Amino acid sequence: MPANGERLSAVARQRRLREARSAASTPPAPSPTPVVRNVLPDPASQPNLSDEGSDKDGSDQIATSNQFSTLVEASAVNFSSSREVENVDQTTIKVRLSRGQKCVVLGSCRLWVKHGSISIYGAIIHASIATYRVYAPATDALPPIEALTSKAEVQLESIEDGIRDLPYIGIRDQWEPRGVVKSRLSFHLLGVSFEQDLKAPQRLKELNLNGWETVLSHFASPKAAKPSAPSCPRILICGRRSSGLSTFVRCLLNRLLTAQGTSKELILLDFDTTMPQFAPPGTISLVKVVGPGFGPSFTQVMLAQSTAGRILKTHFLGDFDDTELSDWHIERVSDLLAFEQNNRVEEKNVPVVMLAPKWLNDIEQHIAISLWKKMLPTDIICMDTRPSSPHLQAWKPSAEAVECRIHQIPAQVFDKMSPAREHDLQMQSYFHMSECLSGSPYWTDTPILARNPVILSYGGNNPDICGVVLLGGNVALEDTYDALEGSIVAMLLVQEQQHEHLTPIDQEGEVMDVDGLQRCRKDKWHATRTNERIPRLLQGSSPHAFPYSAEGSHCIGFGMVAGVDVVERQLSLVTPVNSQKLHVRHDGCRIALIIHKATPNGKFKTDWARKEVRSSGSDRQDPKMLV
């Protein structure tokens, strides 16, 4: 199995190799233009779209317009061949392209390049036996498949991985064009099975990379690194939100992973808490990426090791702005950089991509210098062409001192949804994911609040949960139960640390478990229990402090508290995380639950989960969870 493709049997590999060789040696004969229909016909009931009765010299052929008339006029091309689309079966379509021609897909499919080379989502893919999943929802710019060789042939196959069947949470026509009858295909070809509605208020957009191609090509070259720099680039990317930043990062990763002569794996340090590339919102992560990804962030979320890579370490920061930036946020950024630095020898000659969010723009200069020494970037890419861009303010002095190259490229606006809606979509995708042995992503369509929860104890001997922390510090002790039930919580795995001065005893004489609490003379934390015996960690003076050190804790995922059993002192938690990770004892670790503060934009709320129940007509839930 290729590292960045789907698993194939030995027989299938041999068959695909024979087909690829046959396609390369025997070019298809020209034939009349297939009839363009609103819906692709069923091959069982319709004649084959191809016809072998073309004239040999082509003098009598009628000039035809491009079936795949792309979303901008500049990319419209006339096809030189007339046999471009062929139905292989009810779920598979074969497409033939000439150099520079494009086809645009809406939906989800499995892509196999049988002949020639193509580009998609920044990646350059050559003919091989590897296949790739492509996710192209209507809510994002649609990535065109463009032929890079004189002839290219691709095969698109429907996939049933559950993502198109997720419960409705307020986003319509995400995977289907408007006004098109549903078929057995999980994807649609523009110009073949549907047409662009030029009068629609929200027209579909094409992912146009022309403004970024120079930079993408530069870093895909084996000579991208400076003579005095490491053999592989270390790239720091910065820019404002809604500038195409997340899309550019995805395209750069794909180009670095697929261009010939470059490494087939890389390291990503993702400090963007708003829309992480592979992790749920509110987290920063260190990721080892081994395969390209074709789709927006909510289609690329990882739980464990997958065909695209694995997350090495994650920290939870939550949603915050520049005014709320605290030492414990910077501490976690520094910890991931140190973790990457310690593994640099093992991962030598591997490109490193670092994504700096907006909240790092205004950090103090001594902090910026400290982070810079751990980052050691060879290049900076800024999604802002202004000479005095605020996104370069923290890094420019250090970059000029070491002659670090700065590339400023234009921003592109692709977003069609509000940040809050994007947040809900990524949360929904994360909670519905299921771990598969094959490493390929799969989503379950059961509403989150209708799934069987994991039971974790918070009282008695050797409990699973050692503490509950409410960010913001504005929730009274007696309101802890109400704040906890029905909330999304970040689950931290905390190492045991014995602190003789932090062993409080509650009103009934029960010794509190304060594993992982760090010493803090200025802002002391103390542990207590609520009336429901929930272990609550309270902080004295600063509402922006955090009780656990970055070295002694990390985030293992999110959960949704479905209920609190006061009698048994247990929590019911719905989570995609494997239950074995939640009952860890051999490493001397416990779980701490972090509840996010209320936000004005509604992030980290569970409204989307309640919408799932209403849209599915489920009546199995506690009415309290549905109000």
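# Working through the predicted model

Me: Let's start at threonine 92. Which strand is it in?
Reply: This is a predicted model. In it, threonine 92 lies in strand β2, which covers residues 92-98.

Me: Is threonine 92 buried or exposed?
Reply: Buried. Its relative accessible area is 4%, and the cut-off for buried is under 20%.

Me: What is threonine 92 in contact with, leaving aside neighbours within four places in sequence?
Reply: Glu86, Asn87, Gln155, Leu156, Glu157 and Leu185.

Me: Step back a bit. How many helices and strands in the protein chain?
Reply: The chain has 10 helices and 26 strands.

Me: And how much of the protein chain counts as buried?
Reply: Of its 627 residues, 58% are buried.

Me: What about contacts between residues at least 6 apart in sequence? How many join residues at least 24 apart?
Reply: 74% of those contacts do.

Me: What is the accessible surface of the protein chain?
Reply: About 27,100 Å². Carbon and sulfur atoms account for 49% of that.

Me: On to serine 119. Where is it found?
Reply: In strand β4, residues 117-120. Serine 119 is buried, at 14% relative accessibility.

Me: What does serine 119 touch, not counting residues up to four places away?
Reply: Pro144, Ile145, Glu146 and Leu148. Leucine 148 is 29 residues from serine 119 along the chain, and their C-alpha atoms are separated by 6.8 Å.

Me: Helices now. How do α2 and α3 cross?
Reply: Helix α2 is residues 213-220 and helix α3 is residues 245-258. Their axes come within 9 Å and cross at roughly 35°. The crossing is right-handed.

Me: Which residues of α2 and α3 meet?
Reply: From α2, they are Glu213, Val215, Leu216, Ser217, Phe219 and Ala220. From α3, they are Phe248, Cys251, Leu252, Arg255 and Leu256.

Me: What's the breakdown by class for that contact?
Reply: Eight nonpolar residues, one polar and two charged.

Me: Zoom in on phenylalanine 219. Buried or exposed?
Reply: Buried, at 1% relative accessibility. Phenylalanine 219 sits in α2 and takes part in the meeting with α3. Its C-alpha atom is 9.2 Å from that of isoleucine 235, 16 residues away along the chain.

Me: Now α7. What span should its residues have, and what do the end C-alpha atoms give?
Reply: Helix α7 covers residues 419-432, so 14 residues at 1.5 Å each should span 20 Å. The end C-alpha atoms are 20 Å apart, which agrees.

Me: Why call α7 largely enclosed?
Reply: Because 11 of its 14 residues are buried. They are Glu422, His423, Asp424, Leu425, Gln426, Met427, Gln428, Ser429, Tyr430, Phe431 and His432.

Me: Switch to aspartate 335. Where does it lie?
Reply: In helix α4, residues 327-342. Aspartate 335 has a relative accessible area of 10%, so it is buried.

Me: Which residues is aspartate 335 in contact with, leaving aside neighbours within four places?
Reply: Lys313, His315, Ala550 and Glu551.

Me: Loops next. Which loop holds glutamate 403?
Reply: The one between α6 (396-401) and β16 (405-408).

Me: Is glutamate 403 buried or exposed?
Reply: Exposed, at 61% relative accessibility.

Me: And phenylalanine 604, what is its phi?
Reply: Near 65°, again positive in a residue other than glycine. Phenylalanine 604 is in the loop between β26 (589-595) and α9. It counts as buried, at 9% relative accessibility.

Me: Last one. Where is threonine 274?
Reply: In the loop between β11 (266-270) and β12 (283-289).

Me: What does threonine 274 touch, not counting residues up to four places away in sequence?
Reply: Arg241, Pro281 and Lys603. Its C-alpha atom is also 9.6 Å from that of alanine 420, 146 residues away along the chain.

Definitions and conventions. Residues numbered from 1 in each chain as written. Predicted model: local features only at pLDDT ≥ 70, side-chain atom pairs only at ≥ 80, totals over all residues. Heavy atoms only, no water. Helix = DSSP H or I, 4+ residues; strand = E, 2+ residues; numbered from the N terminus. Buried < 20%, exposed > 50% of the residue type's maximum accessible area, 1.4 Å probe, protein only. Contact = heavy atoms within 4.5 Å. Areas by Shrake-Rupley, 256 points an atom, 1.4 Å probe, with all protein chains shown as cover. Axes fitted to C-alpha atoms, helices over the stretch in contact; angles between N-to-C directions. Left-handed = near helix turned anticlockwise from the far one by under 90°. Nonpolar A, V, L, I, M, F, W, Y, C, P; charged D, E, K, R; others polar. Expected span 1.5 Å × (residues − 1).
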